[in-house]
Amino acid sequence: MQDLIRAAKNGDRRSLARTLSALENRTLTLAELWDVIEPKLPDGQHWHSLAITGAPGVGKSCLLDGLLTSWADKGLRVALLAVDPSSPRSGGALLGDRVRMTVVDHPVFKERIYLRSIATRKASGSVPLIVADMTQFLLAIGWDRVVIETVGAGQAEVRCAAIADRIVVVEGPARGDGVQAEKAGLLELADAVIVNKCDMPGAQRHADELRESYELGTGISPPVHLTSALHGTGVEEAAELLLNLNASGRSERARWRERLLGHHERIILESPKLDGLLEQLAAGSMTLDDAIYAIGADKDE
Ligand SMILES: Nc1nc2c(ncn2[C@@H]2O[C@H](COP(=O)(O)OP(=O)(O)OP(=O)(O)O)[C@@H](O)[C@H]2O)c(=O)[nH]1
Ligand SMILES: [Mg+2]
């Protein structure tokens with residue numbers, strides 16, 4: 001395993017893929033990784049991880065193709081982790097099956113880009129935890145930035161997004177129903193919003209609606225930017241905006257709430273006592289409160 005990790009660090013893509021699989025399957029833990037390589041510490045200058053999230057089909061992958069091309073052109077090495085929810089729409093197709101990422105065919109840029117999908121249906125553990133570990137590993141072995149693509153506004157997606165330094169929500173044109181309540185939680189976390197498909201009617205209107213709803217809510221709106229990933233309109237500007245994006249600071253509490261919940265879940269899932277506790281719970285010989293207490297005590301040891 002040590003050789004594999006070192007080879008991944010030295011740029012071998014196969015070893016990289018295998019190490020990521022080991023993290024995904026939980027046969028390798030972060031603690032074991034840090035025995036071999038040094039973690040990357042935040043330098044406070046710019047973000048290292050960015051989550052791009054939005055409803056299925058809004059054009060996240062198309063947009064990312066443009067963003068990654070632009071960032072690779074600046075010499076940055078960027079890894080993309082696509083959290084594939086095995087949605088009914090896609091049937092769980094891997095990233096790239098649906099949208100050809102043109103950047104991976106580029107003779108020079110392809111060296112600076114790494115794509116990996118995480119099939120959530122197969123994942124044995126908590127997806128946000130797997131994504132967090134993979135992100136830390138990629139940064140530690142020298143990738144400049146890690147982008148996490150997640151689909152939808154469900155709890156797991158919000159939690160995946162919350163592990164990132166910055167959160168970008170991608171929206172489509174207005175559908176006449178205003179800003180929906182179920183998306184409010186996600187929009188609250190956004191450092192920027194991209195309204196894609198601006199070649200279609202209703203995009204400008206939706207951007208206005210979003211700004212209005214932010215202003216009504218907190219009085220401050222994050223940047224709301226229009227793009228057409230299909231035609232390339234606004235994509236270069238979006239790449240510039242997102243690369244230098246500052247944390248909005250509006251949603252620190254909401255973000256830490258998600259991280260705290262995710263961390264709590266991680267402690268439970270990684271507890272060596274978990275199996276025994278589940279058995280006792282199932283047998284009725286223990287209460288949930290006792291189980292939580294037992295895991296907590298375990299942490300203090
Ligand atoms: N008209 C128009 N279509 C677009 C635009 N961007 C993407 N599309 C189309 O929208 C469809 C979905 O694009 P994707 O990039 O796969 O969307 P996604 O958000 O990654 O989708 P999921 O990963 O399934 O959630 C494709 O058919 C694209 O060609 C755009 O700016 N304008
Ligand atoms: Mg996609």
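This is a predicted model: local features need pLDDT of at least 70, side-chain atom pairs count only at pLDDT 80 or more; totals for chains, interfaces and linings use all residues.
Good morning. In this structure, helix H1 passes helix H2 in a left-handed crossing.

H1 covers residues 2-9 and H2 covers residues 13-24. Their axes lie 7 Å apart, and the two helices pack at an angle of about 125 degrees. An angle of that value makes H1 oblique to H2. On the H1 side, the contact is made by Leu 4, Ile 5, Ala 7 and Ala 8, while H2 contributes Ser 15, Leu 16, Arg 18 and Thr 19. Sorted by class, this contact of H1 with H2 has five nonpolar residues, two polar and one charged.

H2 has a further partner, helix H5, which spans residues 127-140. The axes of H2 and H5 come within 9 Å and cross at roughly 150 degrees. H2 is therefore roughly antiparallel to H5, and the crossing of these two helices is right-handed. Who meets whom here? From H2 there are Thr 19, Leu 20, Leu 23 and Glu 24, and from H5 there are Ile 130, Asp 133, Met 134 and Phe 137. Five of the residues in the contact of H2 with H5 are nonpolar, one is polar and two are charged.

In what order do its strands run? The seven strands form an open sheet, ordered S3-S2-S4-S1-S5-S6-S7, with parallel pairing. At the edges are strand S3, residues 113-119, and strand S7, residues 224-226, each of which pairs on one side only. From one strand to the next, the twist averages 20 degrees.

Strand S2, residues 78-84, and strand S4, residues 145-151, pair in the parallel sense over five bridges. Within that pairing, Ala 82 has Glu 149 of S4 as its bridge partner.

Helix H4 packs on this sheet. H4 touches strand S1 (49-54), S2, S3, S4, strand S5 (166-171) and strand S6 (192-195). The direction of H4 makes about 170 degrees with that of S2.

H4 also packs against another helix, H9, which comprises residues 235-243. The angle between H4 and H9 is about 70 degrees, and their axes are 9 Å apart. That angle makes H4 roughly perpendicular to H9. H4 passes H9 in a right-handed crossing. The H4 residues involved are Leu 63, Gly 66, Leu 67, Ser 70 and Trp 71; they meet Val 235, Glu 236, Ala 238, Ala 239, Leu 242 and Leu 243 in H9. The contact of H4 with H9 divides into eight nonpolar residues, two polar and one charged.

Finally, I come to the ligand. How many residues surround ligand 1? There are 20, and the closest are Gly 59, Lys 60, Ser 61, Cys 62 and Leu 230. Which helix supplies the largest share of this shell? That is H4, residues 60-73, with three residues. The residues of the shell divide into eight nonpolar, seven polar and five charged.

Thank you for your attention.

Terms used
Residues are numbered from 1 along each chain as its sequence is written. Chains are lettered from A and ligands numbered from 1 in the order in which they are written. A residue is near a molecule or strand if its C-beta atom, placed from the backbone, lies within 6 Å of it. Helices (H or I, at least four residues) and strands (E, at least two) are DSSP runs, numbered from the N terminus. Ala, Val, Leu, Ile, Met, Phe, Trp, Tyr, Cys and Pro count as nonpolar, Asp, Glu, Lys and Arg as charged, and the others, Gly among them, as polar. Two strands pair if DSSP finds at least two bridges between them. Axes are lines fitted to C-alpha atoms, for helices over the stretch in contact, and angles run from 0 to 180 degrees between N-to-C directions. Two residues are in contact if their C-beta atoms, placed from the backbone, lie within 7 Å. Angles under 35 degrees count as roughly parallel, over 145 as roughly antiparallel, 65 to 115 as roughly perpendicular and the rest as oblique. A crossing is left-handed if the near helix is turned anticlockwise from the far one by less than a right angle, and right-handed if clockwise.
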